[in-house]
Amino acid sequence: MKRNLLIAMSALLAFTFGCNDKKQEKMEYPETKKMDTSDVYFGTEVADPYRWLEDDTTTAVGNWVKKQNEVTFSYLEKIPFREDIQNRLKEVWNYPKYSAPSKKDSVYFYFKNDGLQNQSVLYMTEDPEKEGEVLLDPNTLSEDGTVALSSMALSDNGKYLAYGISRGGSDWNEIFVMNVKTKEKLDDHLEWVKFSGISWKDDGFYYSRYDEPKGSELSAKNEFHKVYYHKVGTPQSEDKLVFWNPQKPNRNYGVGTTEDERFLIMHESAASQGNALFYKDLEKENDKFQQLAEGFEYQHGVVDHIDGKFIVKTNYEASRYRLVLIDPKNPDPENWEDLIPEKESVLQMATIAGNKLITEYMVDANSKAYVYTLEGELLHEIELPGIGSMGSFRGDKEENEAFYTFSSYTMPPTIFRYDIENNKSEIFRKPEIKFNSDEYETKQVFYASKDGTKIPMFITHKKGLEMNGENPVYLYGYGGFNISLTPGFRTTMIPFLENGGVYAVANLRGGGEYGKEWHDAGTKMNKQNVFDDFIAAAEYMIDKKYTKAGRIAIAGGSNGGLLVGACMTQRPELFGVAMPAVGVMDMLRYHKFTIGWHWAGDYGTSEESKEMFEYLYNYSPIHNLEEGVEYPATLVTTADHDDRVVPAHSFKFIATLQDKHEGNNPVLIRIETSAGHGAGKPTEKIIEETADKLAFIFYNMDIEPTFE
């Protein structure tokens with residue numbers, strides 16, 4: 001995309017003057033009132049002057065949000081190349097994107113996005129080589145694009161489609177049902193569904209929900225999760241209550257049926273660490289749930305059942321997971337039989353397809369895939385294209401054909417068709433994108449954290465990058481909840497890479513890259529390890545002459561937002577830009593909102609002990625911002641409908657930061673309206689937000705991006 005000389009010169013002049021103005025003038029922020037509010041924890045009084053910002057339903061908070069957005073967008077609108085970045089993102093985003101097809105009763109189903117559609121469209125076809133017909137277009141669910149498709153499940157006979165929608169990005173879902181043959185939307189309408197799957201049994205399905213909340217849907221605590229069965233064609237009021245625990249309000253219950261719909265499997269979780277496992281035989285009338293595995297220290301999941309036994313993936317006595325056979329008549333762990341024992345790599349996925357066990361392992365955060373017999377005998381490895389991530393494996397138990405995707409930091413998601421019997425993969429669909437990935441390279445390095453632990457990190461940049469200590473770096477991390485950051489293509493990073501940027505992803509402790517021990521090493525009283533790992537990643541990039549202090553932008557969302565908030569308060573001089581997104585910023589009160597109590601397995605709570613309170617207090621981002629410190633240029637992002645990490649976290653953090661920050665670096669908050677935690681966000685909003693973030697980075701690093 002070329003620009004004429006006059007436009008380029010005008011932009012350059014505007015950029016030059018804009019940067020000078022930015023450096024010389026301290027910004028004026030909206031006044032945020034303080035109130036005399038505090039709590040006492042084990043004898044320590046902790047002030048909370050901005051607690052009034054927690055009540056998102058008040059006019060005062062609404063006015064504050066409006067004023068903050070006015071300041072932020074006024075700043076962003078003055079960045080001369082903001083529109084150029086947005087145009088480039090639209091250009092590289094605009095290519096057809098497909099999901100791996102799945103087969104149901106001789107019909108293939110898949111999602112397709114023509115390029116810039118806000119949501120992908122569900123298609124169906126009898127020949128996967130040919131374009132199918134539209135079954136459900138989520139873009140038609142609302143005029144303003146604020147209703148998103150959040151989940152879907154086809155009945156085993158392919159007769160019905162049940163699908164969930166989310167309004168304004170909320171975690172609250174509604175479920176509807178469609179007749180697949182006629183494409184008629186039926187009268188079924190289920191409400192107050194949250195953290196739920198859709199699991200078919202005959203002409204109905206199981207799902208999980210809460211009672212209708214009293215008070216704000218954003219801040220009301222989510223308690224007493226219940227499992228129901230809904231029969232198609234009946235009102236929700238007639239749904240059968242399958243399970244709930246009136247003695248344990250802080251439990252979540254997820255259910256699923258085995259492929260033959262004989263057994264109902266239930267996961268019970270109390271926090272973020274593990275789950276108990278139960279089953280019910282649906283062929284036996286009034287059968288009750290029986291326990292297969294105890295909770296809550298370990299994670300267990302049923303793959304399927306065979307010869308009267310359940311195949312279960314577990315990390316009990318196997319930090320990196322194994323597959324075991326559990327006899328429901330004698331489920332004591334001493335009687336579990338190893339089907340595939342624990343290996344040095346982490347078992348991520350196991351499924352039965354083509355009467356084989358297909359497994360995916362993670363080796364230093366890279367995917368490896370293997371095929372076993374149903375008796376656990378290794379047959380062969382599936383040859384993957386290289387360093388990257390395998391995903392979305394779609395195959396039926398009795399069918400020889402399967403599909404999967406593969407992607408890397410320089411390879412867009414490519415769909416492969418897999419011949420299970422002959423162990424042969426061939427490209428089924430390869431995207432064509434206006435980006436020459438051959439000009440870029442990714443390498444994996446291992447660096448030492450503060451305590452000497454070796455941490456893996458992926459680094460992507462243009463080939464032939466000069467190690468002059470001046471390159472801008474975008475450092476991303478997460479480090480929590482057993483979530484692994486594996487290689488994947490990010491269209492959002494293309495403008496940054498094209499302008500000499502280095503994209504680095506650190507695989508911090510707290511994630512699942514090396515199993516349970518790796519996760520535990522970044523939780524509760526070990527949480528500081530995560531921040532040390534991230535800080536050490538930045539120091540590595542400096543030591544190896546990729547960049548220097550002040551040329552690093554750090555980013556992360558949710559638990560990753562906490563990561564950014566903690567690191568920018570602990571080492572503000574190290575970073576040039578900080579971008580905490582939908583972050584958990586108040587570690588003393590996080591468990592008091594919506595589903596926050598469920599994170600205690602990773603974090604602990606301020607109320608459980610004096611030691612835990614002091615530990616949380618010592619790193620909680622809101623409580624560790626200091627008076628008179630110059631913090632990095634900061635763009636906090638959140639959304640007014642985020643009912644997972646409620647926006648109060650970000651509101652209170654930016655209010656505190658604006659009050660205490662010293663210097664001319666802008667510290668702003670961008671509050672998306674009619675949006676939530678991130679999932680289901682329309683393409684248009686993703687592009688706008690990404691352009692704003694990249695413009696903010698370039699502008700505060702004195703870089704004018706160009707695109708040709």
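In this predicted model, strand 10 and strand 11 form a hairpin with four residues between them. The structure also holds 45 aromatic pairs. Selected details follow by topic.

**The hairpin**

- Strand 10 (residues 173–179) and strand 11 (residues 184–193) run antiparallel and are joined by five bridges.
- Asn 173 has Val 193 in strand 11 as its bridge partner.
- Within the turn, Lys 183 has a positive phi of about 60 degrees.

**Aromatic pairs**

- Among the 45 aromatic pairs is a tilted one formed by Tyr 447 and Tyr 540, with 6.0 Å centre to centre and 35 degrees between the planes.
- This pair links distant parts of the chain, 93 residues apart: Tyr 447 belongs to strand 32 (residues 440–448), and Tyr 540 to helix 6 (residues 528–543).
- Tyr 447 is buried, at a relative accessible area of 2%; Tyr 540 also counts as buried, at 16% relative accessibility.
- The pair of Tyr 514 and Trp 518 is edge-to-face, because the planes of the rings stand at 70 degrees, with the centres 4.9 Å apart.
- Tyr 514 and Trp 518 are both buried.
- A cluster linked by ring pairs comprises Phe 81, Tyr 409, Phe 458, Tyr 474, Phe 496, Tyr 503 and Phe 698.

**Charges over rings**

- Arg 429 places its charged end over the ring of Tyr 98, 4.0 Å from the ring centre.
- Over the ring of Tyr 476 sits the charged end of Arg 490, 5.2 Å from the ring centre.

Terms used:
Residues numbered from 1 in each chain as written. Predicted model: local features only at pLDDT ≥ 70, side-chain atom pairs only at ≥ 80, totals over all residues. Heavy atoms only, no water. Pairing = 2+ DSSP bridges. Helix = DSSP H or I, 4+ residues; strand = E, 2+ residues; numbered from the N terminus. Phe/Tyr/Trp six-rings, centres within 6.5 Å; stacked < 30°, edge-to-face > 60°. Buried < 20%, exposed > 50% of the residue type's maximum accessible area, 1.4 Å probe, protein only. Lys NZ or Arg CZ within 6 Å of the ring centre and 35° of its normal.
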